[in-house]
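Let's walk through this model together, from its strands to the surroundings of its ligand. Keep the viewer open as you read.

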Amino acid sequence: MTSEALFREVPWETRNLGIPSFELQVEALRATTSAALSAQMDLLCRQHERFFAQARLNQESTDLIPRVQRAGFVFVEVIVTTAMPVPKAGTPFGPEGWTVDVVDRADAVAMAEIRRIARESFVDDRFHRDPCCTHDLADKRFVLWIGDLEKNEKAVFYAGRLNGQIVGFVIRAAGHVPLMGFERACVGKGLGKAIMSSVLADMQREDLPMLTAEVSLNNLPSLNLFLSLGCRIRNPRATFHYWSDPPAGTSLV
Ligand SMILES: CC(C)(COP(=O)(O)OP(=O)(O)OC[C@H]1O[C@@H](n2cnc3c(N)ncnc32)[C@H](O)[C@@H]1OP(=O)(O)O)[C@@H](O)C(=O)NCCC(=O)NCCS
């Protein structure tokens, strides 16, 4: 068994984290032994000064949890898919002074605002919750993710504004919402539901059948938002992280 078969590089995490980053391949893991896994991790240690690896185990793979934990992987979250049929009718709503518009990516000012909000908004994702990752690195990861979505032709960027000022955003690719966020002063005020009422109205016009998102169970505001819209949850996956050497500034060093 080669390390390539057990570990596949995740190029965007290599870019995000600044160290080689890999995903443990669950089927390959099932076909190997704990000793072989340790040997492959030793090999990665020799090949790379530092590296990061992640493992995602669904309900059919919980028997592999002891094996990844013995290899040094640490539990960080359970992620679920939230999904619901797009409602047939619905009118956008929001408080006084609230507007939602689709951002033209050539609008450098609006895109910079969205990146600023992304940098400060996220607190409950697996990297912010991972004691081996600095918050600075976790914050920057979302800014880089926005950059990746800017290159995705299918992605639509919505800006939620209060009195003309952008305070939050949603990014939608067909029926999927990969990212949304509000500046910290504006979370928990019902604006998540308000911006989604506009997004759902567009999805309805486009005749899209389903709204989906991937949500960490650590992220109660996000989970409750999607549940309150009418989503059900499915496909839980336990996520584990491994850092060969945690970055300076984390609570483990
Ligand atoms: C997730 C997020 C977009 C939700 O938007 P929001 O404006 O805060 O949410 P709302 O105020 O519209 O509330 C939506 C639901 O979540 C619940 N909720 C809000 N804040 C909560 C909190 N801190 N804990 C638990 N539930 C919470 C609300 O009670 C509401 O449910 P209800 O209608 O049953 O009462 C926002 O909190 C945010 O920007 N978080 C940081 C970025 C992020 O994690 N994005 C999601 C991943 S892509």
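Which residue in β7 does V156 stand opposite? The residue across from V156 is R172 in β7. Before going further, please note that this is a predicted model, in which local features need pLDDT of at least 70, side-chain atom pairs count only at pLDDT 80 or more, and totals for chains, interfaces and linings use all residues. Residues are numbered from 1 along each chain as its sequence is written.

Strand β7 covers residues 165–173 and runs antiparallel to β6, with eight bridges joining the two. Strands here are DSSP runs of E with at least two residues, helices are runs of H or I with at least four, and both are numbered from the N terminus. Two strands pair if DSSP finds at least two bridges between them. The hairpin of β6 and β7 has two residues between the strands, and N163 takes a positive phi near 50° there. Strand β6 (residues 155–162) also pairs with β5 (residues 98–102), in the antiparallel sense and over five bridges. For W98, the bridge partner in β6 is L162. As you look along these strands, remember that in a regular strand the side chains alternate between the two faces of the sheet.

Now move to β10, residues 232–243, which pairs antiparallel with β3 (residues 52–58) over seven bridges. Strand β4 (residues 74–85) pairs with β10 too, in the antiparallel sense over eight bridges. H241 is a handy landmark in β10: it is the bridge partner of Q54, and V74 stands opposite H241 as well.

Stepping back, the protein chain has nine helices and 10 strands. Its radius of gyration (taken over C-alpha atoms) is 20 Å, close to the 18 Å from the globule rule (2.2 Å times the number of residues to the power 0.38) for 253 residues, so the chain is as compact as a globular protein of that length. The C-alpha atoms fill a box of roughly 60 × 35 × 30 Å, taken along the principal axes.

Finally, find the ligand, which 21 residues surround, the closest being G181, G192, P221, N224 and S228. With six residues, α9 gives the most.

Conventions:
Near = placed C-beta within 6 Å.
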